[in-house]
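Thanks for coming, everyone. Please have the sequence and the 3D view open while I talk.

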Amino acid sequence: MFRRLQADDLLITSGPEAEVFRVPLQPFSFVSALRWCGHRQELIMTAATAGQRVPDVWANDRGDLRLFRCDPRDGVWQQIYRGYAHDPVCLPAGGYVVHRGAGLTLLHGQGAVVREVKVGRFSWGPPSLSVSPAGDTVAWVRWIGDDQRLCLESVEPGRSTQFRTRAYRYAWLDSQTLVYIHGARPRLLDIASGDTRRFGQGLRNHVRKGVAGATAQLQALAELPADQLWEFYHDLQVLGDDVWFSATLTEKGGSRRVDGLFQTDPAGTHLNLVAAMSPNDRVEGFFALPDRSALILVATYQGTTIVDHSQMAVGPIAEFLASGWSPLLTSNHAEFGFHRLPGPLADA
C-alpha cells in the first residue's frame, strides 16, 4: 500500500490505477508511527489526539501516544489501547506489539494487555520493531546510552533475548536470520545460536569481480588498494529474495566518491548498482518494493552541511512514486526514524 498527504487527509491506495481512499488526520495533533497490516487490511498508527500532550525531546516528555487502527474503506479511526504506545506492529495470528518506552507491550486484538516486557528507563532512541516472516518473533532495538542492541521477543511467552550484537540497521533475511549493519560491512546473525558471520564480499571486492550497472568511477575506485579506500554502509531492507542497501566507496585523502543504492540476492553473491548519486548527493534513506522499484530519499550537501532534500524513483512504477506516493511500511520492516516533530506525518 501507498500513502500521500493532501491537506489534513491521508490518501491510501494499493498502487497505480487503483482506488484511492481518504483517511482523515484532523483528530490528531501528532503521529509517531504508521504501518499497513495487509492480512487485516487496516492501518495502525500511534498518535496523540488534539488536546493531548505531544512528545517533546527537550522537556523529556514522551507525550500521550496511543494505538489506533483504521479500515481505509470507511476512514474511521478506533483507539485500541489506552496506554502509552509507539512503533506498533501487528501479528499474523492476531494482536499487536507496541513499544512502551522501556520495553514492549503485547496486546490482544481488542487491546487487552497480554504481557509486558520491561527492560529499564524510557529512551528516545527509535525502537525499530519488526515481526519475523513466520510471525512468531518480534525484533527490536534497545538503546543503552549510544549503543543499539538487537533484542528478540517471542510472541508466545518463554523467550526474551538481548544479543551482544550492536546494530545500526537490521532486517529479517528469513525467520532464523537477521542481516544487520555495524562496522565495516553487513553481517548475518543466527537468532538461535547468536553466531554472526559476514554477508557478501564487501563492496570493493565485489566491484572488482563484477557488479551489474557499475559506473566507470565506481570501477576505478575499486581498483585502488584496500588501504586507500573507506567503505560505509547506511540503510538496509529485505524484500522477498532481494537484499537492498545503500553504501559509499570513497578515496582516502582524495575527492573521488561514489554513493549509491545496491541490490543483491540472499546469499550476497550477485550485486547490482541500482542508482548512483550525483557528486554532492547522498542516499539518506530508501523504500524498496517487491517489483524492484525504489523510492530514494536524497540529501544534497555543501561541504558537510545539508542544503536540500529531494526524492528520486527507479523501477517499473517510478512515475507513480515520483508523483508523491510513498510506500507504507509493513510489520515485517523496521522503522529507524525518530518521533516526527512537529505535526502529523511530517517528513523526517
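Start with the hairpin of E4 and E5, which has four residues between the strands. In its turn, Gln41 has a positive phi of about 55°. A word on names: helices (H or I, at least four residues) and strands (E, at least two) are DSSP runs, numbered from the N terminus. E4 covers residues 28-37, and E5 covers residues 42-49. The two run antiparallel, joined by eight bridges. Two strands pair if DSSP finds at least two bridges between them. Phe28 stands opposite Thr49 in E5.

Before I go on, this is a predicted model: local features need pLDDT of at least 70, side-chain atom pairs count only at pLDDT 80 or more, and totals for chains, interfaces and linings use all residues. Residues are numbered from 1 along each chain as its sequence is written, and side-chain values use heavy atoms, with hydrogens and water left out.

Why is E4 largely enclosed by the rest of the structure? Because nine of its ten residues are buried. Buried means under 20% relative accessible area, exposed over 50%, and partly exposed in between (1.4 Å probe, protein chains only).

Strand E17 (residues 177-181) and strand E18 (residues 186-190) run antiparallel, with five bridges. Thr177 has Asp190 in E18 as its bridge partner. Four residues sit between these strands, and Gly183 in the turn has a positive phi of about 90°. E18 also runs antiparallel to strand E19 (residues 196-198), through three bridges. There, Leu188 stands opposite Arg197 in E19. This hairpin has five residues between its strands, and Gly194 takes a positive phi near 80°.

Now some single residues. Where is Ser293? Find the loop between strand E24 (281-288) and strand E25 (294-302). Ser293 counts as buried because its relative accessibility is 0%. A polar atom of its side chain lies 3.1 Å from the backbone nitrogen of Ile317. Ser293 also touches several residues, including Trp244, Phe287 and Leu321, not counting residues up to four places away in sequence. Contact here means heavy atoms within 4.5 Å.

Glu153 is in strand E14 (residues 147-154). Is Glu153 buried or exposed? Glu153 counts as buried, because its relative accessibility is 4%. Its side chain makes a polar contact of 2.7 Å with the side chain of Arg115. A polar contact is a pair of N or O atoms within 3.5 Å; within protein, one must be able to donate a hydrogen and the other to accept it, and residues adjacent in sequence count only if both atoms are side-chain atoms. Glu153 touches Arg115, Asp136 and Arg159, among others.

Glu319 lies in helix H3 (residues 318-322). Glu319 counts as exposed because its relative accessibility is 71%.

How many cavities of 30 Å³ or more does a search of the whole structure find? Two. On a 1 Å grid over the protein atoms alone, a cavity is a set of points where a 1.4 Å probe fits but cannot get out; lining residues have an atom within 4 Å of a point. Grid points are joined across faces, edges and corners, and a volume is the space filled by probe spheres set on the points. The largest cavity holds about 100 Å³ of space. It is lined by 13 residues, and Phe199, Gly200, Gln201, Gly202 and Phe245 lie nearest its centre.

Methods
On a 1 Å grid over the protein atoms alone, a cavity is a set of points where a 1.4 Å probe fits but cannot get out, and a pocket is an open set with protein on both sides within 12 Å along at least five of seven lines; lining residues have an atom within 4 Å of a point.
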